[in-house]
Amino acid sequence: MNSPSLSVEIAGVSLKNPVIAASGTFGFGKEYEFLVERERLGGICTKALTLKPRKGNSGERLYETASGLLNSIGLENPGIEYFLERELQSLKELGPAVIANLAGSSIEEYVEGARLLNESQVDMIELNISCPNVKTGGASFGLEAEPAFSVTKKVRDVLTGKPLMVKLSPDSCSLTDVALACINAGADALSLVNTFKAVAIDVKLRKPVFKNISAGLSGAAIKPIALRMVWGVCEMLKAKKIKKPVVGLGGISNTEDALEFLIAGSSAIQVGTATFLRPQTMTEIIDGVGDYLKTNNLLLSDLRSGFGDYS
Ligand SMILES: Cc1cc2nc3c(=O)[nH]c(=O)nc-3n(C[C@H](O)[C@H](O)[C@H](O)COP(=O)(O)O)c2cc1C
């Protein structure tokens with residue numbers, strides 16, 4: 001049997017395979033020039049982009065935990081205009097789909113950012129709704145259905161030619177409600193999960209490691225919980241007969257992890273923290289999924305067949 005095709009379409013965007021570099025762990029791709037065969041990836045999510053440049057957080061920014069990583073980068077980025085003028089072209093030339101991760105601290109800021117990206121060559125926008133809304137006391141947009149709906153709808157309204165994928169926060173107590181609200185507001189796809197809010201304490205200093213007290217937990221430690229959330233969202237979409245693709249992530253570190261997320265209903269997957277440990281993880285997964293399909297005489301779409309045509 002010939003090698004089965006790994007190509008997949010997410011919200012109208014063709015990816016040559018279902019493996020995407022996760023936002024914030026791949027910069028704008030340059031850093032990995034000599035470490036990863038970047039042109040082989042299905043897609044690259046940019047670091048979060050905001051309307052104005054941001055310096056990010058001071059103090060400790062990264063801290064390793066058992067099988068995990070805490071980060072408190074604070075959305076450091078050069079701003080959307082800089083990205084469009086100085087980074088986008090070289091990223092596009094690499095070949096993988098370019099997915100711009102859009103962040104903001106108010107709905108107005110998200111909307112202005114979306115307007116700029118709408119006019120650009122990016123292939124898709126990934127709306128990062130884990131950011132705090134400064135106008136309503138700092139609760140993240142992604143925790144409740146209502147603010148998630150509002151920001152998704154306002155961004156969707158200004159995007160005339162770009163698909164919108166909304167990236168969900170695992171810290172929501174009503175994740176499936178938030179997921180449904182985003183779909184009802186016009187999201188073309190969902191990605192999940194972002195990092196989990198978590199704390200580390202320095203016992204020598206007897207105080208929290210991070211200035212903001214909490215930070216975001218990622219890596220292998222979160223995988224089974226992320227998988228449960230992906231499964232739950234895919235089941236909800238199936239039950240409601242909503243045909244929207246889900247991109248699963250959270251702790252994926254090897255082919256077997258990736259297969260688990262695909263079997264749980266994801267149409268594609270993202271890899272983040274594992275790339276820090278083993279830069280070749282994503283290309284190994286591309287090869288590994290191809291081998292698995294060939295050995296088992298399956299098509300990529302067969303993996304999530306438990307979810308029918310939905311999700
Ligand atoms: C250092 C670091 C920076 C991150 N920055 C962003 C970001 O800018 N925007 C975003 O949506 N997610 C960001 N994330 C979250 C990842 O994209 C991903 O959702 C999360 O880490 C879970 O996947 P993983 O366990 O494979 O890393 C960041 C994660 C890490 C570790």
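Colleague: Which strands pair with strand E7, residues 97-102, and in what sense do they run? Please also describe how its residues are placed and what lies on either side of it along the chain.

Modeller: The model is predicted, and every value that follows is computed from it. The chain has 9 helices and 16 strands. Its radius of gyration is 18 Å, and this agrees with a compact globule because 311 residues in that form would give a value near 19 Å. The C-alpha atoms fill a box of roughly 55 × 45 × 40 Å along the principal axes, and buried residues make up 48% of the chain. Among contacts between residues at least 6 apart in sequence, 72% join residues at least 24 apart.

Strand E7 is mostly covered, with 6 of its 6 residues buried. Ala97, Ile99 and Asn101 point one way from E7, while Val98, Ala100 and Leu102 point the other way. Both sets are buried.

Leu88 counts as buried because 20 C-beta neighbours lie inside 10 Å, and 20 or more is the requirement. Leaving aside residues up to four places away in sequence, Leu88 touches Phe83, Val98, Ser120, Gln121 and Val122; Val98 is one of the residues of E7. Phe34, 54 residues from Leu88 along the chain, has its C-alpha atom 19 Å from that of Leu88.

Between H1 and E7 is a loop that contains Pro96. This proline is buried, with 23 other C-beta atoms within 10 Å. Pro96 and Gly43 are 53 residues apart along the chain, yet 4.5 Å separates their C-alpha atoms. Gly43 is also among the residues that Pro96 touches, the others being Arg38, Leu41, Gly42 and Ile44, when residues up to four places away in sequence are not counted.

Strand E4, residues 43-45, is joined to E7 by 3 bridges, and the two run parallel. Within this pairing, Gly43 stands opposite Ala97. E7 also pairs in the parallel sense with strand E8, residues 124-128, over 4 bridges. Here Ile99 stands opposite Met124.

E8 and strand E9 pair in the parallel sense over 4 bridges, with Asn128 having Lys167 in E9 as its bridge partner. Leu164 and Val166 point one way from E9, residues 164-167, and Met165 and Lys167 the other way; all are buried. Helix H3, residues 145-158, forms a right-handed β-α-β unit with E8 and E9. E9 is in turn joined by 3 bridges to strand E10, residues 189-192, and these strands run parallel. The bridge partner of Val166 in E10 is Leu190. The chain crosses from E9 to E10 through helix H4, residues 175-184, in a right-handed β-α-β crossover.

Technical notes:
Residues are numbered from 1 along each chain as its sequence is written. This is a predicted model: local features need pLDDT of at least 70, side-chain atom pairs count only at pLDDT 80 or more; totals for chains, interfaces and linings use all residues. The radius of gyration is taken over C-alpha atoms; the globule rule is 2.2 Å times the number of residues to the power 0.38. A residue is buried if 20 or more other C-beta atoms lie within 10 Å of its own, exposed if 12 or fewer, and partly exposed in between; C-beta atoms are placed from the backbone. Two residues are in contact if their C-beta atoms, placed from the backbone, lie within 7 Å. Two strands pair if DSSP finds at least two bridges between them. A crossover is right-handed if, with the strands pointing away from the viewer, the path from the first strand over the helix to the second runs clockwise.
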